Amino acid sequence: MIDRIILEKLIDDIELTPAVVLLGARQVGKTTLAKELSARMPSIYLDLESPKDVVALTDPEKFFHENADRLIILDEIHRAPDLFGILRGVIDNNRQLGKEGRMFLLLGSASMNLQRQSSESLAGRISYLDMAGLNIIETGQENTRQLWLCGTFPNNYLAKNERLAMRRIEDLIRTYLERDIPQMGFTVPATRLRQLWTMLAHCQGETINFSNFANNLEVDNKTVKFYIDILIDLLLVRRVRPWHANVKKRLVKSSRYYVRDSGILHRLLGIGNYSELLTNPILGKSWEGFVIENIHSVLPPLAETYFYRTAAGAEIDLVIKMPNAQLWGIEIKYGLAPKLGKHFRQTFNDAGATHKYVVYGGSDEYPIGDDVRMISLSKLMEKLAAMPS
C-alpha cells in the first residue's frame with residue numbers, strides 16, 4: 001500500500017459535510033482509498049457498475065434509512081444521476097435528527113457532468129475533492145524516474161517492469177475509448193478519438209490550432225472542441241488558460257493542453273522505456289506536464305492555475321493564484337543545470353509574481369537572484385502542501 005496524502009483531507013470533509021464527491025480519473029485509486037477509509041469508520045460500499053449492488057438500491061430510500069448509522073459509499077455515482085434527488089431528502093431528514101456529516105461518499109470519474117448533476121440537487125449539502133494520481137511525495141523522490149515514465153495510475157506505476165506497465169496503459173486507453181466513453185452516451189468513433197488524443201500528445205503543453213486538428217480528423221472545429229471537452233471531463237486532459245493580468249504586454253490568449261498522465265502520454269507517442277524518453281523531442285514538455293500534475297495534486301482547494309506568455313515569446317510555465325492573493329510564478333526546466341533566458345526575472349515581474357521559482361531536475365533549493373529560487377519539485381510541493389486550505 002502507498003499512503004495517499006489526500007486521505008486525511010477526505011476524512012475531515014466527510015466529518016463536516018453530508019455528501020462528499022471524490023473526483024478522479026478511472027483507476028487513479030479512488031476505490032482503494034474508499035475501502036481504506038471504510039476500515040476506519042462504519043461504512044457500506046456499493047459499486048454502481050455491479051448488478052448485485054444496483055439491485056440493493058431497488059428501494060434507495062429504504063436502503064439509506066436502514067444504513068443511516070454508517071457512511072454510505074457509492075462508487076461510479078455518475079452512472080445513477082437519479083439518486084441525487086433522493087439523497088437530498090435523506091440528507092435533510094438526517095439533519096433534522098441532528099446529524100450533519102458522515103452520510104455519503106460519492107466516487108466519480110467524470111467531472112463536469114457529475115458536478116452539474118450534484119450541484120443542482122445538493123446545493124449547500126455537498127463538497128468536492130479532486131484526487132490526482134500518485135505524486136512524488138507519496139512514492140518518494142528516489143522513484144521519480146519510474147513515476148514519470150510509467151505514469152501516476154497505481155497499477156501502472158507498480159508494474160514489475162516497463163514493458164508490463166505499457167501494456168497496462170494500453171489496456172486503460174482502450175477501456176476508455178471502447179467502453180467508458182460509449183457508456184457515458186457519447187457516440188464518438190474510438191479510432192478518431194484516439195487519433196485526437198495522440199495529436200494532443202504531440203502538442204503537449206502547447207496552444208493548438210483547431211483548424212489543423214479538424215482537417216486531419218475530417219471534422220469541423222466545433223466537433224474537435226467537443227472531443228477535447230470529453231477528454232477534459234474524464235480528467236484525462238488538462239486545459240490551462242492564459243494569465244489575464246492587466247500588463248502592458250500583448251499576451252497569448254489561447255489555452256494550452258496537457259495529457260495529464262505521463263504514462264498515457266508516453267504510450268500514445270510510442271515511448272516504451274526511459275532511454276527512448278530521453279532521446280525523444282517531447283522530453284522537455286513531458287517533464288513540464290509531469291511537474292504541473294504533481295503541483296496540482298497538492299494545491300490548496302481554491303488556488304487557480306494559468307500560464308503566462310507574451311506575443312514576443314516571454315513566458316512562465318505556471319502561474320498560481322493563491323486564495324490569499326499571492327501569485328506564484330513557476331518556470332519548469334528539465335536537467336540539473338538548466339539554461340535560463342537573460343530576461344526571465346523581468347518576466348516574473350511583468351506577470352506580477354510575488355513568489356518566483358524555477359523547478360529543475362535536482363534535489364536542492366538555492367537562490368539564483370535576490371528573489372528567485374531554484375528548487376526541486378519535491379521541495380516546492382512541500383511548500384505548497386503547507387499552504388493553508
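1. Strand 1 and strand 4 (residues 104–108) run parallel to each other, paired over 5 bridges. Strand 1 also pairs with strand 5 (residues 126–130), again in the parallel sense and over 5 bridges. If you want a spot to look at, take V21: it stands opposite L106 in strand 4, and V21 also stands opposite Y128 in strand 5. On terms, two strands pair if DSSP finds at least two bridges between them; helices (H or I, at least four residues) and strands (E, at least two) are DSSP runs, numbered from the N terminus.

2. A word on the source: this is a predicted model, where local features need pLDDT of at least 70 and side-chain atom pairs count only at pLDDT 80 or more, while totals for chains, interfaces and linings use all residues. Residues are numbered from 1 along each chain as its sequence is written, and side-chain values use heavy atoms, with hydrogens and water left out.

3. Back to strand 1 (residues 19–23): 5 of the 5 residues are buried, so the strand is largely enclosed by the rest of the structure. Buried here means under 20% relative accessible area, with exposed over 50% and partly exposed in between (1.4 Å probe, protein chains only). Both faces are covered, with A19, V21 and L23 buried on one side and V20 and L22 buried on the other.

4. 9 strands make up an open sheet with mixed pairing, in the order 6-8-7-9-10-11-12-14-13. Its edge strands are strand 6 (206–207) and strand 13 (365–367), each of which pairs on one side only. Within the sheet, strand 9 (residues 304–309) and strand 10 (residues 315–321) pair in the antiparallel sense over 5 bridges. There, E304 stands opposite K321 in strand 10.

5. Not counting residues up to four places away in sequence, T347 touches Y308, A314, E315 and I316, contact being heavy atoms within 4.5 Å.

6. Which residues touch the most other members of the largest nonpolar core? Of its 97 residues, they are L105, L196, W197, I264, I295 and I320. Helix 10 (residues 162–183) gives the most to this core, with 8 residues. A second, separate core has 23 residues, including L48, V90, F104 and I126. For the record, a nonpolar core is a set of buried Ala, Val, Leu, Ile, Met, Phe, Trp, Tyr and Cys residues joined through side-chain atoms within 4.5 Å.

7. Leaving aside neighbours within four places in sequence, W197 is in contact with I173, L177, L231, L236, V237, V259, I264 and L268.

8. L235, another residue other than glycine, has a positive phi near 65°. L235 is in the loop between helix 13 (221–233) and strand 7 (237–242) and is buried as well, with a relative accessible area of 15%.

9. On to the second largest pocket, which holds about 380 Å³ of space. Of the 18 residues that line it, V28, G29, K30, T32 and P154 are the closest to its centre. Helix 2 (30–38) and helix 9 (154–157) each supply at least two lining residues, and helix 2 gives the most, with 5 residues. By class, the lining has 7 nonpolar, 5 polar and 6 charged residues. The classes are: Ala, Val, Leu, Ile, Met, Phe, Trp, Tyr, Cys and Pro nonpolar; Asp, Glu, Lys and Arg charged; the others, Gly among them, polar.

10. How many cavities of 30 Å³ or more are there? The count comes to 1, and about 30 Å³ of space lies in the largest cavity. F64, A68, R70, I72, V90, N94, K99, M103 and F104 line it, which by class is 6 nonpolar, 1 polar and 2 charged residues. The rule, on a 1 Å grid over the protein atoms alone: a cavity is a set of points where a 1.4 Å probe fits but cannot get out, a pocket is an open set with protein on both sides within 12 Å along at least five of seven lines, and lining residues have an atom within 4 Å of a point. Grid points are joined across faces, edges and corners, and a volume is the space filled by probe spheres set on the points.
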